[in-house]
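Here is a short briefing on how one protein model packs together. Please keep the sequence and structure in view while reading.

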Amino acid sequence: MSTYPTRAIRNALLAKGYEEEYTHHIVFRLVVRGQRTEIRTRLSHGAREYGSSLLAQVARQMGLRRKELDAFLQCPMDHEQYVRLLQERGALKV
């Protein structure tokens with residue numbers, strides 16, 4: 001299974017429509033057409049790299065399957081494709 005540096009995950013989230021919120025973790029909330037949605041995930045301040053277990057949690061929080069998260073992080077999936085996928089699954093109503 002693949003691993004990703006936390007910085008790469010953060011950059012992908014910010015590039016594809018998520019905003020950062022700082023709490024005891026860093027929370028990322030999806031914004032679509034200027035509206036904040038309920039879709040969110042979080043990254044730990046201390047983790048330098050995310051392995052398969054943490055990536056599975058991030059994928060679930062984002063409404064994705066694990067392989068889809070790879071596409072999201074590696075850039076074949078853009079913001080519009082991601083939003084469309086969430087809408088098709090009924091996870092996002094915007």
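The model is predicted. Its largest nonpolar core has 26 residues.

**The nonpolar core**

- Tyr18, Met62, Leu64, Phe72 and Tyr82 touch the most other members of this core.
- Six elements each supply at least two core residues: helices α1 (6–15), α2 (52–62), α3 (66–74) and α4 (79–88), and strands β3 (26–32) and β4 (35–43).
- Leu64 is in contact with Ala59, Leu69, Phe72, Met77, Tyr82, Leu85 and Arg89, leaving aside neighbours within four places in sequence.
- Two of these contacts of Leu64, Phe72 and Tyr82, are also listed with Leu64 among the residues that touch the most other core members.

**Helix α1**

- The buried residues of α1 are Thr6, Ile9, Ala12 and Leu13.
- These four lie on the same side of α1, because they cover an arc of only 130° around the axis.
- The face turned away from that buried side carries the exposed residues Arg7 and Ala15.
- Gly17 follows α1 and has a positive phi, near 100°.

**Thr6**

- Thr6 sits in helix α1.
- Thr6 counts as buried because its relative accessibility is 11%, and the cut-off for buried is under 20%.
- A polar atom of the Thr6 side chain lies 2.7 Å from the backbone oxygen of Ala47.
- Beyond neighbours within four places in sequence, Thr6 is in contact with Leu43, Ser44, Ala47, Arg48, Glu49 and Tyr50.

**Leu73**

- Leu73 belongs to helix α3.
- At 11% relative accessibility, Leu73 also counts as buried.
- Leaving aside neighbours within four places in sequence, Leu73 is in contact with Tyr4, Ile9, Ala12 and Leu55.
- Among these partners, Ile9 and Ala12 are buried residues of α1.
- Leu73 and Gln61 are 12 residues apart in sequence, and their C-alpha atoms are 14 Å apart in space.

**Packing of α2 and α3**

- How do α2 and α3 lie relative to each other, parallel or perpendicular? They are roughly perpendicular.
- They pack at an angle of about 85°, with their axes 9 Å apart.
- From α2, the residues that meet α3 are Ser52, Leu55, Ala56, Val58, Ala59 and Met62.
- From α3, the residues that meet α2 are Arg66, Leu69, Phe72 and Leu73.

Note on methods. Residues numbered from 1 in each chain as written. Predicted model: local features only at pLDDT ≥ 70, side-chain atom pairs only at ≥ 80, totals over all residues. Heavy atoms only, no water. Core = buried A, V, L, I, M, F, W, Y, C linked by side-chain atoms within 4.5 Å. Buried < 20%, exposed > 50% of the residue type's maximum accessible area, 1.4 Å probe, protein only. Contact = heavy atoms within 4.5 Å. Polar contact = N/O pair within 3.5 Å; in protein donor to acceptor, adjacent residues only side chain to side chain. Arc of directions from axis to C-beta. Axes fitted to C-alpha atoms, helices over the stretch in contact; angles between N-to-C directions. Parallel < 35°, antiparallel > 145°, perpendicular 65-115°, else oblique.
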